[in-house]
Amino acid sequence: MNEADILIRNCTILPMNGKGITRKGFIAVTDGKISQMGNATKALSIKTKRTLDGQGKVALPGLVNCHTHVAMTLFRGIAEDIPFDEWWGKTIWPLEQKLKRSHVYNGALLGCLEMIKSGTTCFSDMYFYEDAVAEAAKKSGLRAVLAPGIVEAGNSKMGRRMLQEAIKIAQQYQGSADGRINFRLGPHTVHTCSPELLKKVRKAASKHKMGLHVHLAESKSMTEAVKNNLGLTETELLEKIDFLNPDVLAAHCIHLSKKDMQIIKRHDVKVAYNPVANMKLASGVPKIRDLLKLGVTVGIGTDGAACNNSFDMFENMKIAALLQKIFFMDPTVLPAEKVLRMATIEGAKALGVENIVGSLEVGKKADLILINFEKPHLTPMHDFHANLVYSAHGSDVDTMIVDGEILMEKRNVKTLNQSQVMRRAQKTACDLMEK
Ligand SMILES: [Zn+2]
């Protein structure tokens, strides 16, 4: 018998796999996966427990946020419009040293709630107490690739201890929540981790078959300091110590030389582009156009809420395109369809999960969103890609399914108690500020 757990009828499907758009299509979900999809007439014979009406809605793979520190939602709005050194050294870092596991959990839950409400089904995180982030992701129903942060900052004993703790947490949670939670190791930067520690991290990652998530060439002053101290750029150093592999996700990549870009290409390193954070902290403009020309895989990230201050990937997609266009004074750079690919299938590739998510295809996990196009700002429907990148907001996302489970339907989140999550996060943030 032709059966499905969930059947979405009469939606427009943007599969993001290079195949065309299907108008009046259907998607059937069985055992957490997309079991059938195609033209709506074929859906008539399918028996189902749940039918979702897709009339006026566009089905898109869930968005992938390639770089964040989700618990930093607690720091939203506390260090605004100040220089980077003040932002980091005088505000964020002192507060982070007071963080406890429960703080991170409450902050992460708030971030997960915000991501569900704005269309992100999978996020890539790096932070302290990543086990608490794993618990929050598990409860929310989201998919996550999590990297416990490792910071040495001149204290090699601390660096080694953080590496051991990271491995322990990663092993404990790897593949948990029915495989929705995956782990990497997260050495913070080349500036805050010595070459000796970075070599140890690489060795551990290879041994345990985990990827790496690192900040690369974000700050001009840090990039220059590394060059002055070690005589190499950050990227050259990472190549020299055999750190670079296709399993490395490098966030930012702003201050790269042409040679650095070639190194990134040569080792198939993946890049997370964080346009809003880079603009807000005035860190610089990553040359994404040039990385893409070389064939580098680039996903889009928001970075933390202390430097964005939003997880709305629609807003971040639009700015991702606009920043490259104005920087290169060329409106043809980063067209809407490419940006949408970066926020879906390319992002999944950057995290090494493209075989299971990132596009709508039979056999892939059912991680998808329905966007309500019956809105003034999304009318008329001439160009779906342009409407999604330049006109849509996270609040246009009507329904979200992850791993075959409905996390949000008609804007009602099923897995989290919205007011409770917000209340607890508010209280946690106030407690931290008072201490
Ligand atoms: Zn970051």
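**First stop: a buried aspartate**

D403 isn't a glycine, yet its phi is positive, about 55°. You'll find D403 in the loop between β15 and β16. Helices (H or I, at least four residues) and strands (E, at least two) are DSSP runs, numbered from the N terminus.

Before you click on, two things to keep in mind. Residues are numbered from 1 along each chain as its sequence is written. This is a predicted model, so local features need pLDDT of at least 70 and side-chain atom pairs count only at pLDDT 80 or more, while totals for chains, interfaces and linings use all residues.

**Zoom out: two domains**

Colour 3–60 plus 365–410 as domain 1, and 63–350 as domain 2; these bounds come from an automatic or database domain assignment. Their C-alpha centres lie 29 Å apart. Where do they touch? In all, 19 residues of domain 1 are in contact with 24 residues of domain 2 (contact means C-beta atoms, placed from the backbone, within 7 Å). On the domain 1 side, the elements giving two or more residues are α15 (384–391), β15 (397–402) and β16 (405–409). The largest share, five residues, comes from α15. By class, that side of domain 1 has 12 nonpolar, four polar and three charged residues. Here Ala, Val, Leu, Ile, Met, Phe, Trp, Tyr, Cys and Pro count as nonpolar, Asp, Glu, Lys and Arg as charged, and the others, Gly among them, as polar.

**A helix pair**

Now show helix α2 (residues 101–118) and helix α16 (residues 418–434), whose axes come within 9 Å and cross at roughly 135°. Axes are lines fitted to C-alpha atoms, for helices over the stretch in contact, and angles run from 0 to 180 degrees between N-to-C directions. That makes α2 oblique to α16: under 35 degrees is roughly parallel, over 145 roughly antiparallel, 65 to 115 roughly perpendicular, and the rest oblique.

**The loop between β13 and α12**

Go to the loop between β13 (298–300) and α12 (313–328), where N309 sits. The peptide bond from N308 to N309 is cis, with omega near 5°. D303 lies in this loop between β13 and α12 too. Phi of D303 is near 65°, positive in a residue other than glycine, and D303 is buried, with 29 other C-beta atoms within 10 Å.

What is 229 residues away from G304 in sequence but 8.8 Å away in space, C-alpha to C-alpha? That's F75, in the loop between β6 (63–68) and α1 (84–96). F75 is buried, with 23 other C-beta atoms within 10 Å. Leaving aside neighbours within four places in sequence, F75 is in contact with I92, L95, A305 and A306.

**Last stop: a cis proline**

Finish at P380, in the loop between β14 (368–372) and α15. The peptide bond from T379 to P380 is cis, with omega near -5°.

Technical notes
Two residues are in contact if their C-beta atoms, placed from the backbone, lie within 7 Å. A residue is buried if 20 or more other C-beta atoms lie within 10 Å of its own, exposed if 12 or fewer, and partly exposed in between; C-beta atoms are placed from the backbone.
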